[in-house]
Amino acid sequence: MIKPGQPWRTLSQVELATAEWIDWNCHRRLHGEIGHIPPAEYETNYYLATTKPQVTTTI
């Protein structure tokens with residue numbers, strides 16, 4: 001992430017670069033092992049498919 005020759009001068013720059021990479025990795029990167037979709041989309045689809053509706057009763 002931190003390229004040689006391009007030192008970050010402040011902690012804020014490192015934090016921003018890290019946050020940008022995490023956003024790309026989770027929301028934009030297409031992952032071949034999970035159907036060429038971003039990991040965040042795969043996780044959303046997983047929970048939509050496996051979450052059971054809760055039963056509520058009224059008396």
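Predicted model: local features only at pLDDT ≥ 70, side-chain atom pairs only at ≥ 80, totals over all residues.
A residue counts as exposed when its relative accessible area is over 50%, as buried when it is under 20%, and as partly exposed in between. With that scale in hand, Arg28 falls in the exposed class, because its relative accessibility is 52%.

Arg28 takes part in a salt bridge with Asp23, in which the side chains meet at 2.2 Å from N to O. A search of the whole structure finds 1 salt bridge. In general, side chains of opposite charge can pair when their charged atoms come close.

Turning to the overall architecture, the protein contains 2 helices and 0 strands. Helix α1 covers residues 11–27, and helix α2 covers residues 39–50. The radius of gyration is 19 Å, whereas a compact globule of 59 residues would have a value near 10 Å. Along the principal axes, the C-alpha atoms fill a box of roughly 65 × 30 × 10 Å. Buried residues account for 8% of the 59 residues. The accessible surface amounts to about 5,600 Å², and carbon and sulfur atoms contribute 58% of that area.

The aromatic side chains deserve a look of their own. A pair of aromatic rings is described by the distance of the centres and the angle of the planes. The structure holds 2 aromatic pairs. In one of them, the rings of Trp21 and Trp24 have centres 6.5 Å apart and planes at 50°, so this pair is tilted. The angle places the pair in the tilted class because planes under 30 degrees apart count as stacked and those over 60 as edge-to-face. Trp21 and Trp24 both belong to helix α1, where a spacing of 3 residues separates them by about one helical turn. Trp21 is partly exposed, at a relative accessible area of 41%, and Trp24 is likewise partly exposed, at 41%.

The other pair brings together Tyr46 and Tyr47, with 5.1 Å from centre to centre and 75° between the planes, an edge-to-face arrangement. Tyr46 has a relative accessibility of 44% and so counts as partly exposed. Tyr47, with a relative accessible area of 47%, is partly exposed as well.

Another tyrosine, Tyr42, is found in helix α2. Its relative accessible area is 40%, which means that Tyr42 is partly exposed. Tyr42 and Trp8 are 34 residues apart along the chain, and their C-alpha atoms are separated by 33 Å.

His36 lies in the loop between α1 and α2. The phi angle of His36 is near 55°, a positive value in a residue other than glycine. His36 is exposed, because its relative accessible area is 55%.

Notes: Residues numbered from 1 in each chain as written. Heavy atoms only, no water. Phe/Tyr/Trp six-rings, centres within 6.5 Å; stacked < 30°, edge-to-face > 60°. Helix = DSSP H or I, 4+ residues; strand = E, 2+ residues; numbered from the N terminus. Buried < 20%, exposed > 50% of the residue type's maximum accessible area, 1.4 Å probe, protein only. Salt bridge = Lys/Arg side-chain N within 4 Å of Asp/Glu carboxyl O. Rg over C-alpha atoms; globule rule 2.2 N^0.38 Å. Areas by Shrake-Rupley, 256 points an atom, 1.4 Å probe, with all protein chains shown as cover.
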